[in-house]
Amino acid sequence: MNKIRYCRIIHPIHLLLVLLFGITNVQASDLLDKVHFLIPAGPGGGWDGTARGVGEAMIKSGLVANVSYENLSGGGGGRAIAKLIETAPRQQNTLLISSTPMVVRSLQKIFPQSFRDLEPVASVIADYSCFAVLKDSPFNVWKDVVTAFKKNPRLTKVAGGSVRGSTDHFVIANAFKLSGGSPRDVVYVPYDGGGKAMIGLLTGETQIISTGLSEAIEMHRSGEIRILAVTSETRLQEASELPTLMEQGVDMTFANWRGFFAAPGHSPELYDKMIDTIAEVIATPAFSDVRKRNGWAQLHIQGEAFHEFLEQQEIEIGTLMKELGFLR
Amino acid sequence: MLDGLLLGFQTILSVQNLLLVLSGCAVGTIIGMLPGLGPISAIALMIPITYGFEPASGMILLAGVYYGAIFGGSTSSILINAPGVAGTVATSFDGYPLASSGQPGKALAIAAYASFAGGTIAAVLLVLTAPYLAKLSLGFQSADYFVLMLLGLCLVSAFSKRGEYLKALLMTCFGLALSTVGTDLTSGVQRFTLGRMDLIDGISFLLLAMGTFAMAEAILMVLRGDNDKFQGVTRGSMKLDRQEVKTLSPVVGRSSLLGFFVGILPGAGATIASFLAYGMEKYFTRDGPQFGTGNIKGLAAPETANNAACTGSFVPLLTLGIPGSGTTAILLGALIAYGIQPSPRLFVDQPGIFWAVIASMYIGNLFLLALNLPLIPYIARILAIPRTMLIPGILFFSIMGVYLVSFNTFDILMLSMIAFTAVCLRLLSFPMAPMLLGFILGGILEDNLRRAITLADGQWSFLWDRPSTVILIILTLLVLISPVIQRYISK
């Protein structure tokens, strides 16, 4: 399937590049010798941290000697995607970092492109979602929340760290839906960032929070809040005390992945090289140091499988967003 | 408490760490001086360097960078009217007129002393009250933030000259309108983005401030043709006489308290603290009408509050493990990278780190003062540069600063458009400060109002449901009617 996509867009320039780089590089090594990270946001955010973390591991492990970064914010990430596509022929070493919001934003038509316009290389890490309540909350398991929600959705006001209709909102709406409630009834209270949403829970103005696990785990460990459910498939190695939604009878998983994309229209050999480079890097001790330092869970899906994973996620999110009335 | 602090000082008082504070302050000051680049960029740049260090040393370096960047930001605010950080926009209201009237040395010295006092007083408050403050900041709900922002808006008359209240009011509404551009948090709908993807995150406050101040100022200099206005101006005296110290002390005291308490609120922050301090000071002092023309109180108040608020913003980070501002979010990232997760247990689990961070605040502030006071005469000479070179320089650094934040050329276009509009408005003597006030309060005001309404099931009852909201409403009403009462009493 991959091959078909490449052939469709063959272009004289691409052909030339393929010939030039295909030949020289295959002989040299089977990894990229140079990586340029395109980060669709300013310095200091999650995308930036992930790209720089992977880059750091590349240099420290000696796999890739030449690593550079470029921050290009704007349009919720759309500007960087547009640039990568426009300048594709000269972006043979470029990896664009992105994450789940890319799927959401292209569904919402915030930018016209989707992951289909790029070449998905691999996801590297994931942050699972979780639902938590205050330590003295009457809710002890997810089922308690559902019972209260069905009685009156106003008993379970949900704090979330992003705009209405984005990740934090639809993850919990989906959980309520699969527990037999109506996703449209969810009272979602948006805050400007996960930290402020957490404060919204702690002040007692909301009863439950829907957020990334990494933003809630320490509060849980210190006993201020209790995590009722995680959206991973099985219990996580790093936090085996946390019950999953699956084991509480809700057939739902959700991973907020972060991964890399390449410019379209290059040779399969080049993409294989990118895939191999990422696979090698995340197997290094240098990367597990970076991962542990940041508390990231590994989620390595590459090439064709990553493409399928994205399609699946797009269908799930799209269906739900239609039900919630965010998409027509 | 005291032994904890001693432990902290013991940790950081080594030659290596002192050198780190020093280099952090120096690097931070330089980065902060570049218009547009503030503590967030400075810290993000320095974090990778600190990975090899002990956690305490890393934090000490970053604290130096943090305070340095804020101080550097006020330097460019004062000297060339180009705020480096959102928090120092209010500093330029009186700092720039003071500097351009021939006293740049004094203006910078006051800023240095005020920053030092604000930071240090807030650090003392932090040590004494941190455990209780966490509870206080958690007592503030959306409804309270809404009323607090209303209180801020009521100070709008403080940002206008006598006889220009209507213009000030108009500009405030303009600022409020501008704050609605972008994605609406509550509904997820894009508003007034004209279909451009560059506008979906809204207009950046710094961009607006740079356009209305730095760039518009440079253009106005050309239009006015004041080519040689400052030539021959020396740095002016740096010394404050006894009378000035006496005038400033209460201002610094009040603004430190105000700044610190606004700083600990995760929904407010340093920029709002500096605006509130400026507004309050102008509103309630007798020489209020002279604010905006180079009044030393008008310079000291926002500068003190800004630094106090930065220290205050560490409270939610250190006691709850929750970042209350963009900068503390970056610092949280750094702490996690060192293997330290701030949480309510940090104080108990890792007292070494907790107290080292606090001790580094004292040391950072002290070094900053020591580093910058001797440098002021040299920095102040920027104003002695001939206009023909200074104006292109300001334009260059403004554009570069804006571009370096986003790497998006649209922002440069936007900056130019804002500057053009601002020049027209300023030529018609519309004041710019009320617009910035409306803009910065507008977004937070709206988000909190709509959150409060959602939480109260669509009712307005949140306005009187909780005592803290009621107290804030009463305060707001007092501010509104106080001029009337004052006039009545003076008759």
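This report describes a predicted model, taking in turn the contact between chains A and B, two helix pairs of chain B and one arginine of chain A.

## The contact between the chains

In this predicted model, the contact between the two chains draws 40 residues from chain B and 39 residues from chain A. On the side of chain B that touches chain A, the elements giving two or more residues are helix 3 (39–50), helix 14 (326–337), helix 18 (387–406) and helix 20 (433–455) of chain B. Of these, helix 14 of chain B gives the most, with 5 residues.

Sorted by class, the side of chain B that touches chain A holds 19 nonpolar, 16 polar and 5 charged residues.

## Helices 2 and 4 of chain B

Within chain B, helix 2 (residues 15–33) and helix 4 (residues 55–80) have axes that come within 6 Å and cross at roughly 30°. Angles under 35 degrees count as roughly parallel, and helix 2 of chain B and helix 4 of chain B are therefore described as roughly parallel to each other. The crossing in which helix 2 of chain B passes helix 4 of chain B is right-handed.

The contact of helix 2 of chain B with helix 4 of chain B comprises 18 nonpolar and 13 polar residues, with no charged residues.

## Helices 18 and 19 of chain B

Helix 18 of chain B, which is also among the elements on the side of chain B that touches chain A, pairs with helix 19 (residues 409–427) of chain B, their axes coming within 8 Å and crossing at roughly 140°. Since an angle has to be over 145 degrees to count as roughly antiparallel, helix 18 of chain B and helix 19 of chain B are oblique to each other. Their crossing is right-handed.

In this contact, B:S398, B:I399, B:V402, B:Y403 and B:S406 of helix 18 of chain B meet B:D411, B:I412 and B:L415 of helix 19 of chain B. By class, the residues of the contact of helix 18 of chain B with helix 19 of chain B divide into 5 nonpolar, 2 polar and 1 charged.

## A:R116 in chain A

A:R116 lies in the loop that runs between helix 5 (100–107) and strand 4 (119–134) of chain A. A:R116 is classed as partly exposed because 14 other C-beta atoms lie within 10 Å, a count that falls between the limit of 12 or fewer for exposed and that of 20 or more for buried.

Between A:R116 and A:E280 the separation is 164 residues in sequence and, C-alpha to C-alpha, 25 Å in space.

Notes
Residues are numbered from 1 along each chain as its sequence is written. Chains are lettered from A and ligands numbered from 1 in the order in which they are written. This is a predicted model: local features need pLDDT of at least 70, side-chain atom pairs count only at pLDDT 80 or more; totals for chains, interfaces and linings use all residues. Two residues are in contact if their C-beta atoms, placed from the backbone, lie within 7 Å. Helices (H or I, at least four residues) and strands (E, at least two) are DSSP runs, numbered from the N terminus. Ala, Val, Leu, Ile, Met, Phe, Trp, Tyr, Cys and Pro count as nonpolar, Asp, Glu, Lys and Arg as charged, and the others, Gly among them, as polar. Axes are lines fitted to C-alpha atoms, for helices over the stretch in contact, and angles run from 0 to 180 degrees between N-to-C directions. Angles under 35 degrees count as roughly parallel, over 145 as roughly antiparallel, 65 to 115 as roughly perpendicular and the rest as oblique. A crossing is left-handed if the near helix is turned anticlockwise from the far one by less than a right angle, and right-handed if clockwise.
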